[in-house]
Amino acid sequence: YRLPSTGTDNDNPTSDKDKDRDEAPERRRHPLPPGYRFHDRRGRYGVQPQHHALVSSRTHIPRSSETLARMPGVAVYYDGDDK
């Protein structure tokens, strides 16, 4: 499932933990098609807290938001069609 890339992302600045993940070599080796990216519009990588409810709704495995926050994860953001 693609997470929406809207201007409603949380206003929290990028943390040092997020900055460390920005340099992951697998991101440089596997580029995404145009319109897709691994970060939100504010440059934050991974699943953000405001998306935990969406992630939980897409699985039958019950997990709390706290559990999801501790788990490593990858999110792909999509900007939509430019037509």
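Predicted model: local features only at pLDDT ≥ 70, side-chain atom pairs only at ≥ 80, totals over all residues.
Helices and strands here are DSSP runs, numbered from the N terminus. By that numbering, Gln-48 sits in the loop between β2 (36-37) and α3 (52-57).

Let's start with the big picture. The protein has four helices and three strands. Reading from the N terminus, the elements come in the order β-α-α-β-α-α-β. Of the 83 residues in the protein, 22% are buried. The exposed surface comes to about 6200 Å², and carbon and sulfur atoms supply 52% of it. As for who touches whom, take the contacts between residues at least 6 apart in sequence: 75% of them join residues at least 24 apart.

How confident is the predictor in this protein? The average pLDDT is 76, and 60% of the residues score at least 70. One stretch to treat with care is residues 8-13, where pLDDT stays under 50. For that stretch the model has ten contacts beyond four places in sequence.

Now for the charged side chains. Side chains of opposite charge can pair when their charged atoms come close. A search of the whole structure turns up three salt bridges. One of them brings together the side chains of Asp-79 and Arg-37, at 2.6 Å from N to O. Asp-79, at 35%, is partly exposed.

Asp-79 also meets the side chain of Arg-41 in a salt bridge, this time at 3.7 Å from N to O. Because Asp-79 lies in the segment after β3 and Arg-41 in the loop between β2 and α3, the pair ties together parts that are 38 residues apart in sequence. Through shared partners, the salt bridges join Arg-37, Arg-41 and Asp-79 into one network.

Another salt bridge pairs Arg-44 with Asp-40, and their closest N and O atoms are 2.6 Å apart. Are these two partners buried or exposed? Arg-44 has a relative accessible area of 2%, so it counts as buried. Asp-40 is buried as well, with a value of 0%.

Asp-40 turns up again in the surroundings of Gln-48. Leaving aside residues up to four places away in sequence, Gln-48 touches Asp-40 and Tyr-77. The side chain of Gln-48 also reaches the backbone oxygen of Gly-46, at 3.4 Å. Why does Gln-48 count as buried? Its relative accessibility is 7%, and buried means under 20%.

Along the sequence, Ala-75 and Asp-40 are 35 residues apart, while their C-alpha atoms are 8.9 Å apart in space. Ala-75 has a relative accessibility of 4%, so this residue counts as buried.

Val-74 has its place in the loop between α4 and β3 too. Is Val-74 buried or exposed? With a relative accessible area of 59%, Val-74 is exposed, whereas Ala-75 is buried. Not counting residues up to four places away in sequence, Val-74 touches Phe-38 and Val-47. Phe-38 is 36 residues from Val-74 along the chain, and the C-alpha atoms of the two are separated by 7.4 Å.

Finally, the aromatic rings. A search of the whole structure finds one aromatic pair. Tyr-36 and Tyr-78 form this pair, which is tilted, with 4.5 Å from centre to centre and 35° between the planes. Distant parts of the chain are linked here: Tyr-36 belongs to strand β2 and Tyr-78 to strand β3 (residues 77-78), 42 residues apart. Tyr-36 has a relative accessible area of 26%, so it is partly exposed. Tyr-78, at 18%, is buried.

Key. Residues numbered from 1 in each chain as written. Heavy atoms only, no water. Helix = DSSP H or I, 4+ residues; strand = E, 2+ residues; numbered from the N terminus. Buried < 20%, exposed > 50% of the residue type's maximum accessible area, 1.4 Å probe, protein only. Polar contact = N/O pair within 3.5 Å; in protein donor to acceptor, adjacent residues only side chain to side chain. Contact = heavy atoms within 4.5 Å. Areas by Shrake-Rupley, 256 points an atom, 1.4 Å probe, with all protein chains shown as cover. Phe/Tyr/Trp six-rings, centres within 6.5 Å; stacked < 30°, edge-to-face > 60°. Salt bridge = Lys/Arg side-chain N within 4 Å of Asp/Glu carboxyl O. pLDDT = per-residue confidence, 0-100.
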